[in-house]
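Visitor: I would like to learn how to read aromatic contacts and pockets in a model. Could you take me through them one at a time?

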Amino acid sequence: MVSAIPKPADPLLAQAAIATGLLGPNTAGLTLFYGIFIKTGTFSRTLLAHECRHVHQYEERGSIRAFLQEYIPQILTVGYASSSLEQDAMAAAASILVHR
């Protein structure tokens with residue numbers, strides 16, 4: 001739990017994250033491989049499931065670099081919410097509500 005989602009240390013990556021809407025005032029969670037950051041006051045089982053699915057996606061790709069090389073072009077071309085990796089994480093999170 002963090003009071004604010006941290007921005008990437010790399011200035012270019014931080015700029016891209018803000019410009020694409022990946023990071024902003026309404027960002028509730030962020031996953032960086034096994035590191036999951038959840039903004040204080042936003043925790044839910046659904047959010048945690050969403051972020052854990054991103055961990056799974058990182059594992060499938062083998063590294064942060066490989067994940068970002070796929071993820072960033074997606075959010076730049078189709079937008080954050082329409083990217084296939086986000087759609088997959090949203091579907092995984094929604095499935096926990098069904099299997100409660």
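Guide: Let us begin with burial, where a residue counts as buried if its relative accessible area is under 20%. Please keep in mind that this is a predicted model. By that cut-off, F67 is buried, and Y71 is buried as well.

Visitor: How many aromatic pairs does a search of the whole structure find?

Guide: The search returns 4 aromatic pairs. One of them joins F67 and Y71, with 5.1 Å centre to centre and 20° between the planes; because planes under 30 degrees apart count as stacked, this pair is classed as stacked. F67 and Y71 also belong to one aromatic cluster, together with F33, Y34 and Y58.

Visitor: And how should I read a pocket?

Guide: The general idea is that a probe the size of a water molecule, rolled over the atoms, shows where empty space is left. Here the largest pocket has a volume of about 460 Å³, and its lining comprises 30 residues, with L22, L23, G29, L30 and T31 nearest its centre.

Visitor: Which element gives the most to the lining of the largest pocket?

Guide: Helix α3 does, with 6 residues, while α1 (11-19), β1 (29-32) and α2 (45-61) are among the elements that each supply at least two. Sorted by class, the lining of this largest pocket holds 19 nonpolar, 8 polar and 3 charged residues.

Conventions:
Residues are numbered from 1 along each chain as its sequence is written. This is a predicted model: local features need pLDDT of at least 70, side-chain atom pairs count only at pLDDT 80 or more; totals for chains, interfaces and linings use all residues. Side-chain values use heavy atoms; hydrogens and water are left out. Rings of Phe, Tyr and Trp (its six-membered ring) pair if their centres lie within 6.5 Å; planes under 30 degrees apart count as stacked, over 60 as edge-to-face and the rest as tilted. Buried means under 20% relative accessible area, exposed over 50%, partly exposed in between (1.4 Å probe, protein chains only). On a 1 Å grid over the protein atoms alone, a cavity is a set of points where a 1.4 Å probe fits but cannot get out, and a pocket is an open set with protein on both sides within 12 Å along at least five of seven lines; lining residues have an atom within 4 Å of a point. Grid points are joined across faces, edges and corners, and a volume is the space filled by probe spheres set on the points. Helices (H or I, at least four residues) and strands (E, at least two) are DSSP runs, numbered from the N terminus. Ala, Val, Leu, Ile, Met, Phe, Trp, Tyr, Cys and Pro count as nonpolar, Asp, Glu, Lys and Arg as charged, and the others, Gly among them, as polar.
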